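Let's take a friendly walk through this structure, looking at helix packing, aromatic rings and a couple of individual residues.

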Amino acid sequence: MKRKEVKKMSNVLTDIKENVGVLTINKPQALNALNDEVLRDLNDAFTQLDADEDVYVIVITGAGKAFVAGADISQMKDFGAVQGKAFGVYGNDVFLRIENSVKPVIAAINGFALGGGNELAMSCDIRIASEKAKFGQPEVGLGITPGFGGTQRLARIVGAAKAKELILTAKVIGAEEAEKIGLVNKVVSVEALMDETMAMAGDIAKNAQIAVRQSKACINRGLQTDMNTGVAFEAEAFGLCFATEDQKDAMTAFVEKRKLEKFKNK
């Protein structure tokens, strides 16, 4: 596959394969725990891929045995209230940047996704987990609340009652249960994780990217509002797509019973 050279971040590896950018959090000796430096490098690396016009889909994963085992407790233990809030705000800024990217983002969850790791995974659009992955928001067992959006995203993804159960008990669950409650889209073997993730990313990348991005935006915006407003967002996006070359090319090919080889993304 064709690869592109990218600027390297010390704690995050970046690779581009065709139209898919892969970010690997690379601090395995600390189970990829999130501190200021890792969050900064993740933000910088993500910003780089987000701005790359040749990257259509972004994948986030972790090196070693963990996706991200959580925020760095050794850094947080001596925080006061002001420092704690500032750290939470910074982490949330990074994760909101990921969530609000116009590009689809897939989390390939290879191991522990606890606390900040589960929150990072939930900021992605799609989550694929290996059968050995573990999920949870164990913060109350450490005397704190989730700080990077866990109380908000988990309730939106799995429902308020299940989110309260997981957060208030600090329970850690396996990949099978995570799939059952809708926290992850798919569970695969450890060996197949990246192949399955890249295959899904490729399926997304081959479609009309204007339509893909408008669809993501409609879903995200619609979740924050009422049905009437949501379908108005959709109607606007639907109409916009009829001004693209992709729509003209694809519908003409369909009517003419021929295969469209590639979208122009215009």
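The model is a predicted one, so please read every value here as computed from its atoms.

## Two helix contacts

We can begin with helix α1, residues 36-51, and its partner α3. The two pack at an angle of about 20 degrees, and their axes are 10 Å apart. Angles under 35 degrees count as roughly parallel, and α1 and α3 are therefore roughly parallel to each other. The crossing of α1 past α3 is left-handed. On the α1 side, the residues in contact are Asp 36, Leu 39, Arg 40, Leu 42, Asn 43, Phe 46 and Thr 47. They meet Phe 87, Tyr 90, Gly 91, Val 94, Phe 95, Arg 97 and Ile 98 from α3. By class, this contact of α1 with α3 holds 8 nonpolar, 3 polar and 3 charged residues.

The second contact joins helix α4 (residues 116-123) to helix α5 (residues 150-158). Here the packing angle is about 55 degrees, with the axes 10 Å apart. That angle makes α4 oblique to α5. This crossing, of α4 past α5, is left-handed. From α4 come Asn 118, Glu 119, Met 122 and Ser 123, which meet Gly 150, Arg 153, Leu 154 and Ile 157 of α5. The residues of the contact of α4 with α5 divide into 3 nonpolar, 3 polar and 2 charged.

## The rings

How many aromatic pairs does a search of the whole structure find? The search finds 4. Two of the pairs are set out below.

| Ring pair | Centre to centre | Angle between planes | Class |
|---|---|---|---|
| Phe 79 and Phe 87 | 5.6 Å | 70 degrees | edge-to-face |
| Phe 87 and Phe 148 | 5.3 Å | 65 degrees | edge-to-face |

Plane angles over 60 degrees count as edge-to-face; with planes at 70 degrees, the pair of Phe 79 and Phe 87 is therefore edge-to-face. Phe 87 takes part in the pair with Phe 79 and also in the one with Phe 148.

Is Phe 87 buried or exposed? Phe 87 has a relative accessible area of 5%, so it is buried. Phe 148 is buried as well, while Phe 79 is partly exposed at 25%.

Phe 87 belongs to helix α3 (residues 81-99), whereas Phe 148 sits in the loop between β9 (134-136) and α5, so their pair ties together parts that are 61 residues apart in sequence. Ring pairs also bring in Phe 95, giving a cluster of Phe 79, Phe 87, Phe 95 and Phe 148.

## Two single residues

Asn 185 is found in the loop between α7 (175-180) and β11 (186-188). Its relative accessible area is 43%, which leaves Asn 185 partly exposed. Setting aside neighbours within four places in sequence, Asn 185 touches Ile 126, Arg 127 and Glu 179. Asn 185 and Ile 126 are 59 residues apart in sequence, yet their C-alpha atoms are 6.5 Å apart in space.

Gln 247 is part of helix α11, which covers residues 245-255. With 14% relative accessibility, Gln 247 counts as buried. Beyond its neighbours within four places in sequence, Gln 247 is in contact with Cys 241 and Phe 242.

Terms used
Residues are numbered from 1 along each chain as its sequence is written. This is a predicted model: local features need pLDDT of at least 70, side-chain atom pairs count only at pLDDT 80 or more; totals for chains, interfaces and linings use all residues. Side-chain values use heavy atoms; hydrogens and water are left out. Axes are lines fitted to C-alpha atoms, for helices over the stretch in contact, and angles run from 0 to 180 degrees between N-to-C directions. Helices (H or I, at least four residues) and strands (E, at least two) are DSSP runs, numbered from the N terminus. Angles under 35 degrees count as roughly parallel, over 145 as roughly antiparallel, 65 to 115 as roughly perpendicular and the rest as oblique. A crossing is left-handed if the near helix is turned anticlockwise from the far one by less than a right angle, and right-handed if clockwise. Contact means heavy atoms within 4.5 Å. Ala, Val, Leu, Ile, Met, Phe, Trp, Tyr, Cys and Pro count as nonpolar, Asp, Glu, Lys and Arg as charged, and the others, Gly among them, as polar. Rings of Phe, Tyr and Trp (its six-membered ring) pair if their centres lie within 6.5 Å; planes under 30 degrees apart count as stacked, over 60 as edge-to-face and the rest as tilted. Buried means under 20% relative accessible area, exposed over 50%, partly exposed in between (1.4 Å probe, protein chains only).
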